[in-house]
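Here's a quick walk through some side-chain and helix-packing details. Have the sequence and the model open as you read.

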Amino acid sequence: MNSIQLPETMTVKELATQLGLGAPEVIKFLLEHGTMATINQNVDFETAQLVASNFGLSVSGGPSSPSQQQARHPSLDLSHAEPGSLVARPPVVTVLGHVDHGKTSLLDAIRETRVASGEAGGITQSIGAYQVEKAGRQITFIDTPGHAAFTAMRARGANVTDVAVLVVAADDGIMPQTDEAIQHARNANVPIIVALNKIDRDNANPDRVLQQLADRELVPEEYGGDTPVVRTSAKTGQGIDELLEMILLVSDIAEPKAQPNGPAAGTIIDSHMEKGRGAVATVLVQTGTLHVGDMIVAGSAYGKVRSLISYSGKRIKAAPPGSPVLITGLSDVSVPGEVFETLGSERAARAQAEGRSDSDRKAAAAPARKVTLADLASAVAEGQMKHLNLVLKADTNGALEALRGQIEAIQDPHVLVKIVGDGVGPVSESDINLASVSNSIVIGFNVRPDAAVKALADTEGVDVRFYDVVYQVTDDLDRALKGLYEPTFIEVPIGKIEVRKVFTVDGKPAIAGSHVIEGKITRNSICRVRRDGSEVIKAKVAQLRRGRDDAREVNHGFECGITLEGFADFHEGDLLEAFVIEQQNA
């Protein structure tokens, strides 16, 4: 019986790929054994063992293999390779950080100071990746558009990054996006190096930032911890060489290796259609050597490599492991994070791509569904759940700390409750991506999502819940863990309305002459009245009129008259947030 190395958790799609099966086969087997699953749903190691056994395979790994936290595509798995066939490859670095802290400037400074003159050009920016040389060794930088792209790659099992560089401005300190970056890097299990940037500024306060890092369990080496902190300035070039030296030092601990010979495999970094060239993809070659003329498949796209263009804009005939290159020749665009591999013939590549496309279509027919509070008790009873991951968002630091403290106090003999991410501010798309990757439930406290975030949560099957009282959160979690959970009712935002004029009745303000600036308002909705950013009251709509007529609803861009039950003290400029109450998904 063949044995396959698997991580502690993986998605159904990743499991199917590892076992050499179609995702529908795995989904059907799980359904027959009482588990509803979709292509993006996570399964644990015990479930993977059961599936593998049914198809005549044995597996190893799981919880005892912390280095295998993410599923590896078979083409990227070097665990069974002959040690003598492996050679050192360039470490791959992703730079993360708050938007205004100099991430792009630092990347530009590294490129300008370490890439040979004449090498850099317009193509460098367009492929979003480049290599620099330090001490005779190459380092590959992947410039992802943001934390969401970094998470999306990890969600697809890409395992691209060896080292994460966290950029923090010395004059600004830790910001919400910095906390996001820390959480994403930790969940990806990659070492973190802090680039303390803008150190040349007069108002730089490095000691404050070092303390902020220590408070987040990134204890700097100069404080006796193990987090390297390099003081840098993208403007003056200070610390650039030291940062590169530290990257090499940290990466040497993991000793990134690859097989330079044999079929190439790697990860799609970006892909788009370009007039005259068709599908163009930026790829990172991770093992093997990619050649012009190789037949490759990436997801449901396939084709013969027509051209290879290096990060410096040069046409090359071969790309060794660790190389970022731009390729043409694929039949279609590929999703970032998708693994590409070379096959022996066009027929084989087409068959594999079409098979994946068919599997994806069938599996996508069912809505994505991950863990929810409503199904938590049954999952625990059936032995499927051993931990509950949460992503927390609150309106203030004080509220977040209170919420965290209450949740961390929850004790259950069967389930470990773990906070994988938290932050201050509204629930963002990045929070949904993090929850999707880690199979978490999102808890929002005194915050609300926008329409795009809600749509993404629905697409990803992420359970998002909102509260305004701490004990309601802990009560729901406690009831869910003990099997007493009943679906609750939630607020669903439907529109925003601005009060433009207040009409009086009997000399008192009573009717809000309003303009719908977003979404709509309906006769059965409830309005939250906000004035100068603060909530005044929540009240049901008593009457809704368009001109002289009663209206069932008034849509974006139209004027209306509104009265609320038990409230008449409208002011011009008030913002009304309309919502309806719906039962939380079970």
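## Helices side by side

Let's start with a helix pair: α13 crosses α14 in a right-handed way. (A crossing is left-handed if the near helix is turned anticlockwise from the far one by less than a right angle, and right-handed if clockwise.) Helix α13 covers residues 429-438 and helix α14 residues 451-460, and the two pack at an angle of about 15° with their axes 9 Å apart. That makes α13 and α14 roughly parallel to each other. On the terms: axes are lines fitted to C-alpha atoms, for helices over the stretch in contact, and angles run from 0 to 180 degrees between N-to-C directions. Angles under 35 degrees count as roughly parallel, over 145 as roughly antiparallel, 65 to 115 as roughly perpendicular and the rest as oblique. Helices (H or I, at least four residues) and strands (E, at least two) are DSSP runs, numbered from the N terminus.

Another pair is helix α12 (residues 397-408) with helix α15 (residues 470-481), packed at about 25° with axes 10 Å apart. So α12 and α15 are roughly parallel to each other, and their crossing is right-handed.

## Where the numbers come from

This is a predicted model, in which local features need pLDDT of at least 70 and side-chain atom pairs count only at pLDDT 80 or more, while totals for chains, interfaces and linings use all residues. Residues are numbered from 1 along each chain as its sequence is written, and side-chain values use heavy atoms, with hydrogens and water left out.

## Rings and a charge

How many aromatic pairs does the structure hold? There are two. (Rings of Phe, Tyr and Trp, the last by its six-membered ring, pair if their centres lie within 6.5 Å; planes under 30 degrees apart count as stacked, over 60 as edge-to-face and the rest as tilted.) Tyr130 and Phe141 are stacked, at 5.6 Å centre to centre with 25° between the planes. Tyr130 lies in strand β7 (residues 129-134) and Phe141 in strand β8 (residues 137-142), so the pair ties together parts that are 11 residues apart in sequence. Both Tyr130 and Phe141 are buried, where buried means under 20% relative accessible area, exposed over 50% and partly exposed in between (1.4 Å probe, protein chains only).

Phe567 and Phe570 have ring centres 5.2 Å apart and planes at 85°, so this pair is edge-to-face. Phe567 is buried at 12% relative accessible area, and Phe570 is buried at 3%.

There's also a charge over a ring: the charged end of Lys501 sits over Phe503, 5.9 Å from the ring centre. That label needs NZ of Lys or CZ of Arg within 6 Å of the ring centre and within 35 degrees of the ring normal.

## Cysteines

If a disulfide is a pair of cysteine sulfur atoms within 2.5 Å, the count here is zero. The sulfur of Cys527 has its closest cysteine sulfur in Cys560, 8.9 Å away, which is too far for a bond. Cys527 is buried at 0% relative accessible area, and Cys560 is buried at 7%.

## Positive phi

Most residues other than glycine have a negative phi. Lys198 isn't a glycine, yet its phi is positive at about 60°. Lys198 sits in the loop between β10 (192-197) and α8 (206-215) and counts as buried at 17% relative accessibility.

Glu217 also has a positive phi, near 65°. Glu217 belongs to the loop between α8 and β11 (229-231), and is exposed at 68% relative accessible area.
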